[in-house]
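Subject: Structure handover

Hello,

Please find the structure below.

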Amino acid sequence: MKWVAIDEPVPTGEAFIKKVKAGGKSICLVGYEGEVYALGSSCPHAGFDLSKGWCKEGKLICPIHRFGYDLHTGKGNPGQNDYIEHYPIKVKDNVLYVGMEYFWDKLKQAFR
Ligand code: FES
């Protein structure tokens, strides 16, 4: 896993949803109930931008058809049979980092 710095101020507990770039990917950065989450920004249902959605009961809600995704796991609501990527987050030296696993890194690990 590679830790990629995000060019954003470290959140201070406020609620927010914004789309940021990290490691060549679009990430939906979410502040919810004092925690920060990093999730894929594209809705798997029809590709809408999840950073335009909102949070409710621990889920990120897509504004188009209101599919919901768990902030901790990225899993879709029961019956949706889908998920979005979720990424670990850490703060070091007042910089926010997102942990990214790349396909080639996963492949290399599989053959070690
Ligand atoms: S595009 Fe997100 S729920 Fe349909």
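A charge sits over a ring if NZ of Lys or CZ of Arg is within 6 Å of the ring centre and within 35 degrees of the ring normal. K90 meets this rule with Y97, lying over the face of that ring at 5.8 Å from the centre.

Some background on the numbers. The model is predicted, with local features needing pLDDT of at least 70 and side-chain atom pairs counting only at pLDDT 80 or more, while totals for chains, interfaces and linings use all residues. Residues are numbered from 1 along each chain as its sequence is written, and side-chain values use heavy atoms, with hydrogens and water left out.

Pairs of rings and of cysteines

Rings of Phe, Tyr and Trp (for Trp, the six-membered ring) pair if their centres lie within 6.5 Å; planes under 30 degrees apart are called stacked, over 60 edge-to-face, and the rest tilted. The count of aromatic pairs is 0. A disulfide needs two cysteine sulfur atoms within 2.5 Å, and the count of disulfides is also 0.

For exposure, buried means under 20% relative accessible area, exposed means over 50%, and partly exposed is in between (1.4 Å probe, protein chains only). C43 is buried at 4%, and C62 is buried at 2%.

The largest pocket

Grid points are joined across faces, edges and corners, and a volume is the space filled by probe spheres set on the points.

The largest pocket has a volume of about 170 Å³. Its lining has 13 residues, and E85, H86, Y87, E101 and K106 lie nearest the centre. By class, the lining holds 6 nonpolar, 3 polar and 4 charged residues (nonpolar: Ala, Val, Leu, Ile, Met, Phe, Trp, Tyr, Cys and Pro; charged: Asp, Glu, Lys and Arg; polar: the others, Gly among them). Strands β8 (86-87) and β10 (95-100) each supply at least two of the lining residues. Helices (H or I, at least four residues) and strands (E, at least two) are DSSP runs numbered from the N terminus.

Two loop residues with positive phi

Most residues other than glycine have a negative phi. E33, in the loop between β3 (25-32) and β4 (35-40), has a positive phi of about 50°. E57, in the loop between β5 (54-56) and β6 (59-61), has a positive phi near 50°. E33 is exposed at 67%, and E57 is exposed at 69%.

Distances across the chain

L96 is in strand β10 and is buried at 1%. From C62, in the loop between β6 and β7 (68-70), the C-alpha distance to L96 is 25 Å, at 34 residues apart along the chain. G53, in the loop between β4 and β5, is buried at 14%. The C-alpha atoms of G53 and W104, 51 residues apart along the chain, are separated by 31 Å.

Regards

Notes
1 Å grid on protein atoms, 1.4 Å probe; cavity = no way out; pocket = protein on both sides within 12 Å on 5 of 7 lines; lining within 4 Å.
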